[in-house]
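This report describes a model of several chains, with attention to confidence, fold, interfaces and core.

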Amino acid sequence: MKRLTLMAVCAALVVLVQLDTSGTHLLPVLLGMALTTGAVLVVAAAELSNAQWIAPVKRPLLAAAPLLFVFPFLVRLASYPWLAHETRWLRPDFFLARNAGALLVLALIGNLYRRASLTESPAKRKWAVGYLLTFVVAKTMVAMDWVMSFDYPWISTMFPVLYMVECFDAGLALIGLICFVRRQTENVLYDAATLLFGFALFWGGLTFAQYLTIWYANLPEEVHYFTLRFGLMGGREFFAGAVALLFVVPFSVLLIHRARKNHNVIFVLAHLVLFGLVYQRTYHLLPYVNLQLDWLLAESFAMFGALALCIRPDLGQTDRGV
Amino acid sequence: MLSGAARRQSGAATARTHFCMKPERENPATFFEQVEADVLGAMQKPEKTYWLALFVAMSCFGIGLACWGWQIYSGMHTSGKNNPVGWYMYITDFVFWVGIAHSGTLISAVLFLFRAKFRKAFNRTAEAMTVIAVMTAGLFPLIHLGRVWFFYWLMPYPNQRLLWVNFRSPLVWDVFAVSTYFTVSAVFFYVGLLPDLAIARRRVTGIQQWIYRVLSLGWRGTATQWTHYEKLYGFLAAFATPLVISVHSVVSWDFAMSVIPGWHTTIFAPYFVAGAIFSGCAMVLTLTIPMRKVLRLEQYITHDHFEALAKVMLFTSLIVAYAYILEYAMAFYTTNVFEQAHFNFRLLGDFRYPYWLMCFCNVLLPLTLFVRKLRRNLAYLMVVSLLVNVGMWLERFIIIVTGLSHDFDPYVWGNPNLSWIAIGITLGSFGMFFTFFLIFVKVLPVLAITELKEERAHETIHV
Amino acid sequence: MKRFTFDDKDAFLAKLKELLASGVPARRIQIVTPIPVHEALHMLKVPASPLKFFTFTGALTGFVAGFALTIYTSLSWPLITSGKPIVAIPPYMIIAFELTILLGALASLIGFLHLNRLPSIPHILNPDETGNQYVIFVEEDQ
């Protein structure tokens, strides 16, 4: 029954996204992808570095892996400027094929990793490495094709890297949420919070690096990216909000060691981080996507509903780990 | 901690590794004495091979100093720099040595915060490597200045001409970043050494003992001393960690802040940091594999430790490979003619042979480390680490020279001149590094004795 | 001054426990160990180290000093370089960040030396070497 509900919600999501021509789908889909791929990413990275602390939350996090299979069907064209004059890389058919293909491979490997990890098979490290490599390729393509190509021919080589770091942040935020729901502290919360602190600092550094490089050289074709968005209503606010919520607030709060053990604080912080991601994506899409509230609500409900339905059954499961 | 059963199984193909120094369950007190004897025994009177190595290193250092002297006398044209290649081998060497330094701090500070067990076999050597490499790196902006005696103009000091440095320049950021890095690394190195210096003063006599007594500041190991010490060590590790990322980012911004195609790209900061850790790990391997053999420290630095370090090297090589591919892909993705021309020049132009060698050493060769057997083979790791060092030096060289020699206007394209002085000074920098490292090996304990003792004490409680 | 020397950590901890249980106040007990023994520190109720105040002060000073130095000097000699504003905050953040770390680390070191009263001239001149033994010193009751 639960599985049927999940499949129905996923089908609804696919239908909604494919029918939505406004480009609004990008916001919930990118966020959902960040959370889903991020959840599996955190587990894979933790297991590869022999981090024992991930064991209690491994099962609910990996429960998101089946949802990866929906993403190849959520690939669609938005109102990209290059549709008018195509290049060898940016063409509708190649765009759809490579993105759907990469996300499909990611889903396959993610689920194979999930199976290997949950059964503690000796091959799990190989699948974890496979997932990491596929994640890098798929996420780079998503960042470059889905979002960065709106500003074609503007490029920033840091752009995909920021997306990948944000996925990791989303995975850590999810751990915070799970720990709160289960009233679980232990090492999991402290270690996830410490990693969140580190990654907040890392994200801040990378965002600063991107901004500084573009600011310093002051090349009109590069700076246009920022001036365009700052000129729009809400542009500066979204950028400042993203920096505050993804860097300043987590960094300042998590400096205090006691905060890292308090699941109420981490719960609020996880929400702030996820809002920060929303601001960041909105900031990227601001000049090109007219967010329609009704599509946004429907797609968000479907996306996060599907994610919740995936994770909910495994929420109570605690693996003590070996 | 691992149960006994898991330890016995560890020889099997399970991924579980354990870093136990001595498998026998012996009395920790005798282990304490043993580790002191082994590590401090390495500081005994040196053998002939040591003197030979020191002689070779000092000769190279001497050659470097002689070349530098000749350059100061003759002028900067001897360095091979010209128009348009205004930055050539000295900046390559600068970035190379700063990069090597970063891995030391990663192993000491970052792995401390991550509570990684394999750290203790390398951290003292890595910290020493950091301090020496930063000193070596710091010489190169001075060598590059030409008029070395004016180096203090880079510092913001009040003067009667009311001049100040240009804080908007990446070169001044470098001054602050590298000075901070040197200071903090030296402090971290010294603080880590304090209890070990106290051990050393106990086991030597004469003038040596006086030196260790002064250096150890009268350390005893009382309760309050240990409390403050552990706090300090944690704070220094926490300060050194952002330095690992920020200092090499600042160095990369020397290039990224320009408008040169191939230089002006936003990914330089994490790309250079990953490259730095990559080359630094390779240098740690180059130093510790022979050191372990010569000083007979096989039981403290095991194959498990080397495998863990090889994995870090593999991971960072994948990041570097990603950056290579991404830069290339983005150049052709965009319509920018200059970017495309630059990357074509890198792959097929005058410097294609160093470029292909670099790709082999940095991207293809480390992929072999996916094979577990090769990761645990010390001879193979030694070869890989040497080639990675070559590859990473070439990477900086390629970035700098191809960027400058082939930028916007074809009329000003040009290659740098081959310069024996520059090669001599580069050789001298290696000589300086190995001279100081060889001195370190004989004067200070190469392993963190107190940390090894702590680890053993904890193992015997929890097992 | 009574002195109890142990080669084994467990015996050392047992004796310490016994001394504290028999009513000897913790302030008259001094221990010297080759490695930090957290159980003993806990038993003696050694207060948490106030080092963080030194660190925080140093870091804050560095942060403020970084901006103060850069902003004051650029306003004092205003030259437009590469079209950047006279007071250019993004580059100045780098200087402030580096100085935060530098002064934070140095302040921590100075705080450590001050709190431990190091360098300790009496102990440099005449170190009471306890080696790898765990030693308990108990001051005599006045």
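Domain bounds, as used here, come from an automatic or database domain assignment. For chain C that assignment gives domain 1 (2-48 + 120-138) and domain 2 (51-115). The C-alpha centres of domain 1 of chain C and domain 2 of chain C lie 41 Å apart.

**Confidence**

The model is predicted, and it scores ipTM 0.93 and pTM 0.92. Chain C has an average pLDDT of 90, with 99% of its residues scoring at least 70. For chain B the average pLDDT is 89, and 93% of the residues score at least 70. Two stretches of chain B fall below 50 in pLDDT: one is residues 1-18, which has 18 contacts in the model beyond near neighbours in sequence. The other is residues 20-25, for which 7 such contacts are present.

**Fold of chain A**

Chain A contains 11 helices and 0 strands, and its pattern along the sequence is α-α-α-α-α-α-α-α-α-α-α. The C-alpha trace of chain A spans about 55 × 45 × 35 Å along its principal axes. A compact globule of 322 residues would have a radius of gyration near 20 Å, and the 19 Å of chain A therefore agrees with that expectation. Of the 322 residues in chain A, 50% are buried. Among contacts in chain A with a separation of 6 or more, 83% join residues 24 or more positions apart.

**Interfaces of chain B**

Chain B touches both chain A and chain C, and the composition of its two contacting sides is set out below.

| Side of chain B | Nonpolar | Polar | Charged |
|---|---|---|---|
| Touching chain A | 14 residues | 9 residues | 1 residue |

In the contact with chain A, 24 residues come from chain B and 22 residues from chain A. The elements of chain B that give two or more residues to this side are α8 (223-256), α9 (268-294) and α10 (303-333).

In the contact with chain C, 46 residues of chain B meet 51 residues of chain C. Here the elements of chain B that give two or more residues are α2 (28-41), α6 (170-203), α7 (206-215), α8 and α16 (449-462). The most is given by α8(B), with 16 residues.

**Nonpolar core**

Which residues of the largest nonpolar core touch the most other members? In this core of 286 residues they are Val40(A), Leu61(A), Ala64(A) and Ala306(A). The core also draws at least three residues from each of domain 1 (2-48 + 120-138) and domain 2 (51-115) of chain C. Leaving aside residues up to four places away in sequence, Ala64(A) touches Thr36(A), Ala39(A), Val40(A), Leu307(A), Cys310(A) and Ile311(A).

**A residue in chain B: Leu374(B)**

Leu374(B) belongs to helix α13 (residues 372-375) of chain B. Apart from residues up to four places away in sequence, Leu374(B) touches Thr368(B), Leu369(B) and Tyr380(B). Leu374(B) and Ala310(B) are 64 residues apart in sequence, and their C-alpha atoms are 9.5 Å apart in space.

Conventions. Residues numbered from 1 in each chain as written. Chains lettered and ligands numbered in written order. Predicted model: local features only at pLDDT ≥ 70, side-chain atom pairs only at ≥ 80, totals over all residues. Helix = DSSP H or I, 4+ residues; strand = E, 2+ residues; numbered from the N terminus. Rg over C-alpha atoms; globule rule 2.2 N^0.38 Å. Buried ≥ 20, exposed ≤ 12 C-beta atoms within 10 Å, placed from the backbone. Nonpolar A, V, L, I, M, F, W, Y, C, P; charged D, E, K, R; others polar. pLDDT = per-residue confidence, 0-100. Core = buried A, V, L, I, M, F, W, Y, C linked by C-beta atoms within 7 Å.
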